[in-house]
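Biologist: I am new to this structure. Could you please show it and take me through it?

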Amino acid sequence: MDASNPMIPQPRKVKRVIRETHDTFTLCVEPEIHEQEKLFKPGQFNMLYAFGVGEVPISFSGDPGKPNLCHHTIRNVGTVTRALANLKAGDMVGVRGPFGSAWPVKESRGNDIVIIAGGIGLAPLRPAIYALLEERDQFGEIVLLYGARTQEDLLFTKEFETWRGKYGVQVRVTIDSAGPNWKGNVGVVTTLFPGVRFDPANTVAMICGPEVMMRFAVIELKNCGTAEKNIHVTMERNMKCAIGFCGHCQFGPAFICKDGPVFSFAEISPFFGIREI
Amino acid sequence: MSEQVVLERNDLNGLFTVLQGQGYTVIGPTLQDGAIVYDELTSDKDLPEGWTDEQDGGIYRLKKRSDKALFGYVVGPYTWKRFLDPPEKRLWQAKREGNDFRIIPENEPPPKYAFLGVRSCEIHALAIQDRVFLEGDYRNTSYEKRREAALIIGVQCVQAGGTCFCVSVNTGPRAESGFDLALTEILEEDRHYFVVETGTDQGAKIIDGLKVQPAKETEVAEADNRISHAAKNMGRKLNTEGVRDLLVQNHDHARWDEVANRCLSCANCTMVCPTCFCSTVEDVTDITGEHAERWQKQDSCFTMDFSYLHGGSVRASTRSQYRQWLTHKLATWIDQFDESGCTGCGRCITWCPVAIDLTEEVEAIRKSSSLESVVQSDKER
């Protein structure tokens, strides 16, 4: 990104495209030349520009310890994401970033970690998972509770066994609507709590998903005894500039682009859940 | 402030000559389409001599004055932001080159503007926009270049408009700083002159080229008098006591429904507000698809597109749009920038087609707030 003008995208090459699910794909983009100087932090995002079509904020979904490729996992839902979905290896994408706040990974050393994700919400959390596993011995229990609409919507499932087996992560998965072949849990993500081992008073939680899911996840954690300040959520709003100038992403007093997207729940609880805020 | 000087009315055009000689484009008040707006001026003849304005909620009328005052009115529908952060500007162009594409940034040299007739509330508005665009982690480089190049020639208000309330928000009527020069216009029976204050070295250099006399004590006192007169005749007042908590905590107040019944969500208030800074971007291509551009355009929190997310608008109701605008302007702006976003200029009241008055809205919420803390702070006052 042009440091003197943060509104100018930098064209970068798409090295690989991974088809994750029927509507979700990952763009693996070559890093900025001087990327070493400003590695992204888990939770941060880039603005991705599809030539002539437009720009959207997309979180990093790859390993922050392996900056040779920038991963962005995207659901094909709108005009710009459809254009991004049409990109092939060798095509160019415009990139501005990285922007925004980060999951408190290092700050959470010594604690149990509960990660709760809904649908594509697992993508912005995956860099945090990689960072946690990179120094696995620094943390107590690590829990991942993951919910999606259907079995076909589950992301990154191939990695779950590694996370379980090699790193002892308690990975629990549920879906809203199951087909005949599904033998796992059915129901909302909060139904996964019973039987999960973690010490709520010494837990840092990281949540990303639809607001309604986050609301119930926060209630559940607070009922268990986890303090609001140790619960972190990501917020999403319409965003144009990513640097606090366009005004679109305001959520109460916060600019989600620069004060967020990751917030401690204690920071935003007065505004969370107010209709049309 | 260095000592003040006096410039006679008949020598005012010298100011234009000096500014033009220094390469400035002079922007100032002029008559257009039945209003006093800001546009390019070539000489003092372009100023609205002998005109004044009558303003109230939803009302703006020009009237002839009985004298030949050049600045005998208050603020109109335009603000200086249209020159510093234009309502439409191209951010960059892009050219496809095979599989690749190249971004071509805008590299136009910034225009060199001399703003003539900037009022105290507007000088505060410039400072508020500076905070938004220049004092965070990122800088709005286009705004920065225009702002740095701009010369600010203030005019002290000697009369107040029907919707003015700068006194109650501490932004006027006297401009104390933030200008290169500031003029106070004085009309007497047989004399018409300006008392001129110098705010910067740049301003002093302009003075050097003008035909001026040192101001006498009586002339300075007369200028002060007239500014005090404006201070005593404010059309409105806004009670800002505890207003941050008042609005934030009353997000469920019935008054929001009441105001939504009147509000047309036309966005006029955001267009005329000197501090509203929201923008959107539009990506366009030519017919070949080889050439793309991104344009930044003024936007408003009163549109449905503004909060569009995942197939719907977060703030779809007029109630929530008005609440967002007012709460941001008077309350959450304080969280964001340590100051209010309101300068008391009254434009949003004047230019509201249905005369919604934010000072009234705040009072209505204050009077019927069910929140203990807010009622308490009101009582203590």
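**Two loops of chain B**

Modeller: Let us start with B:Asp338, which sits in the loop connecting helix H10 (318-337) with helix H11 (347-350) of chain B. Helices (H or I, at least four residues) and strands (E, at least two) are DSSP runs, numbered from the N terminus. This is a predicted model, in which local features need pLDDT of at least 70 and side-chain atom pairs count only at pLDDT 80 or more, while totals for chains, interfaces and linings use all residues. Residues are numbered from 1 along each chain as its sequence is written, and chains are lettered from A and ligands numbered from 1 in the order in which they are written.

Biologist: What is the phi of B:Asp338?

Modeller: Phi is positive there, about 60°, although B:Asp338 is not a glycine.

Biologist: Why does B:Asp338 count as exposed?

Modeller: B:Asp338 counts as exposed because it has 8 C-beta neighbours inside 10 Å. A residue is buried if 20 or more other C-beta atoms lie within 10 Å of its own, exposed if 12 or fewer, and partly exposed in between, with C-beta atoms placed from the backbone.

Biologist: And which loop holds B:Ser265?

Modeller: B:Ser265 is in the loop between helix H8 (255-262) and helix H9 (268-272) of chain B. Its phi is near 40°, again a positive value in a residue other than glycine. B:Ser265 has 18 C-beta neighbours inside 10 Å and therefore counts as partly exposed.

Biologist: Turning to chain A, how many helices and strands does it have?

Modeller: Chain A has five helices and 15 strands. Of its 277 residues, 51% count as buried.

Biologist: In what order do the six strands of the open sheet run?

Modeller: The order is S4-S3-S6-S1-S2-S5 in chain A, with antiparallel pairing. Strand S4 (54-59) and strand S5 (70-75) are the edge strands, each pairing on one side only. Two strands pair if DSSP finds at least two bridges between them.

Biologist: Over how many bridges do S1 and S6 of chain A pair?

Modeller: Strand S1 (residues 10-19) and strand S6 (residues 92-99) of chain A pair over four bridges, in the antiparallel sense. A:Lys13 has A:Met92 in S6(A) as its bridge partner. Strand S6 of chain A also holds A:Pro98, and a cis peptide bond with omega of about 0° joins A:Gly97 to A:Pro98.

Biologist: Which domains does the assignment give for chain B?

Modeller: Domain 1 covers 5-231 and domain 2 covers 243-380 in chain B; such bounds come from an automatic or database domain assignment. Their centres, taken over C-alpha atoms, are separated by 26 Å. In chain B, 38 residues of domain 1 are in contact with 32 residues of domain 2. Two residues are in contact if their C-beta atoms, placed from the backbone, lie within 7 Å.

Biologist: What gives the most to the side of domain 1 that touches domain 2 in chain B?

Modeller: S6(B) does, with nine residues.
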